[in-house]
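Me: I'd like to learn how to read the inside of a protein model. Could you walk me through it?

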Amino acid sequence: MSLRVATVITRLEGGAGTMALRGAEALDPDEFQVTVIAGSGRLLPAAEVPTHVEPALRAPIAPAHDLLALHRLTALLRDFDVVHTHCSKAGAVGRVAARRAGVDRVVHTFHGFGFHRFQPVHRRRTYIEVERGLGRITDLGLCVGTGVAVEALQRGLLRPERIRTIGVAVDHSAPPRTAASRQHARRLLGLAPGDVVVGAVGRLTYQKAPEHFVAALAALRRPGVVGVWIGGGEEAARIRAQAAAAGVRLVLTGERDDVARLLPAFDVFALPSRYEGLPLAIVEAMVCGVPVVATAVNAVGDVVAPGETGLLVPPQRPDLLATAVAHLIDNPGRAARLAATARARLDGRHEIGALATALAEAYRAE
């Protein structure tokens, strides 16, 4: 008899949403009957598995909506054998609802953490204590990247035997960066063949620090450089105004369904995040063959080995981000070697099949 699995996530979008959906779609339908439950998300219409929208499940802390979501999810989850939650809000409301509903097995994926060192100390401590409490009703925690798993262990979020490390699942059929794919991607973005393109992928949010991306572009002081940010978010208007004031050429594409086909347009991929898990976008850029500069946070170092597969800089240092980007622009031979090494090391890793296997093992009772 197949297991009934509920995949619960606040927003079915971005890297976490893509991971949740890819995992749900990759599982053997003869063994697992998966339903995706989400508060919102642009990936919902594309889902090939049954989906349920619960609009009360929202990312910001809102007690009235959170209690309503808890009530509705508790009733809904009684029909499932396994509940798998993703991210902070769905992870909190969903896990409590699953236990109230008497679900046999509760799994949670840490794509990162809702707490980070840029928060006020009292808020960070509160969030950590909440996660420790949730850990006591969680059968298994899946951590996206070694850095995330290490922090979960150090913080005591779950017992050591209840923590497993997983990777992200990348579509390896995406086009590699060649002269032809580069030209095609630039046409899609409306860029000139001679533009020097520094790109990023992610939501325009505080976490991703897009204002540091713009500041780094301004620090380059190179009129031939154009920045491209693929992804939407609440910071879009502010970032557009910042770029205009700084005289920076910046293309904000908004949300796109063809990210893999746009990546070959980039000469350098630069992600300035304040905190992360293991960003799907970085791995996709490396598989594409784009040299990477990123901030040294959480599990980014799992794939970006400094000076071997890319360059790392501290978070909140757009000046150093600019220096690293300029180094790769000015040294295309080294940039190509870093990109080639990164692509070779990722060969055969981060496959969708590996994610399906990890999820199947997580869902089966031990």
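Me: What should I know before I start?

Reply: This is a predicted model, so local features need pLDDT of at least 70 and side-chain atom pairs count only at pLDDT 80 or more, while totals for chains, interfaces and linings use all residues. Residues are numbered from 1 along each chain as its sequence is written, and side-chain values use heavy atoms, with hydrogens and water left out.

Me: Okay, how do I read a nonpolar core, and which residues touch the most other members of the largest one?

Reply: In soluble globular proteins, nonpolar side chains tend to be buried together. A nonpolar core here is a set of buried Ala, Val, Leu, Ile, Met, Phe, Trp, Tyr and Cys residues joined through side-chain atoms within 4.5 Å. Buried means under 20% relative accessible area, exposed over 50%, and partly exposed in between, with a 1.4 Å probe and protein chains only. In this model the largest core has 105 residues, and Leu-250, Phe-266, Phe-269, Ile-282, Val-293 and Tyr-363 touch the most other members. Helix H10 (residues 280–288) gives the most to this core, eight residues. Helices (H or I, at least four residues) and strands (E, at least two) are DSSP runs, numbered from the N terminus. Apart from this core lies another, of 18 residues, including Ala-6 and Leu-73.

Me: Can we zoom in on a residue of H10? Where is Ala-285, and what does it touch?

Reply: Contact means heavy atoms within 4.5 Å. Ala-285 sits in helix H10, and it counts as buried because its relative accessibility is 0%. Not counting residues up to four places away in sequence, Ala-285 touches Leu-263, Phe-269, Val-290 and Val-292. Phe-269, leaving aside its neighbours within four places, has contacts that include Gly-199, Ala-281 and Pro-291.

Me: What about cavities? How many of 30 Å³ or more are there?

Reply: Rolling a probe the size of a water molecule over the atoms shows where empty space is left. On a 1 Å grid over the protein atoms alone, a cavity is a set of points where a 1.4 Å probe fits but cannot get out, and lining residues have an atom within 4 Å of a point. Points are joined across faces, edges and corners, and a volume is the space filled by probe spheres set on them. The search finds three cavities of 30 Å³ or more. The largest holds about 80 Å³, and of its 14 lining residues the closest to the centre are Met-19, Ala-20, His-84, His-86 and Leu-359. H1 brings the largest share of that lining, four residues.

Me: And which residues line the second largest cavity?

Reply: Val-198, Phe-213, Ala-216, Leu-217, Leu-220, Ala-270, Leu-321 and Val-325 line it, around about 40 Å³ of space. H7 gives the most here, with four residues.

Me: Last one: how do I read a strand, and is E5 covered on one face or both?

Reply: In a regular strand the side chains alternate between the two faces of the sheet. Both faces of E5 are covered: Arg-105, Val-107 and Thr-109 are buried on one side, and Val-106, His-108 and Phe-110 on the other. Six of the six residues of E5 (residues 105–110) are buried, so this strand is largely enclosed by the rest of the structure. Two strands pair if DSSP finds at least two bridges between them; E4 and E5 run parallel, joined by five bridges.

Conventions: 1 Å grid on protein atoms, 1.4 Å probe; cavity = no way out; pocket = protein on both sides within 12 Å on 5 of 7 lines; lining within 4 Å.
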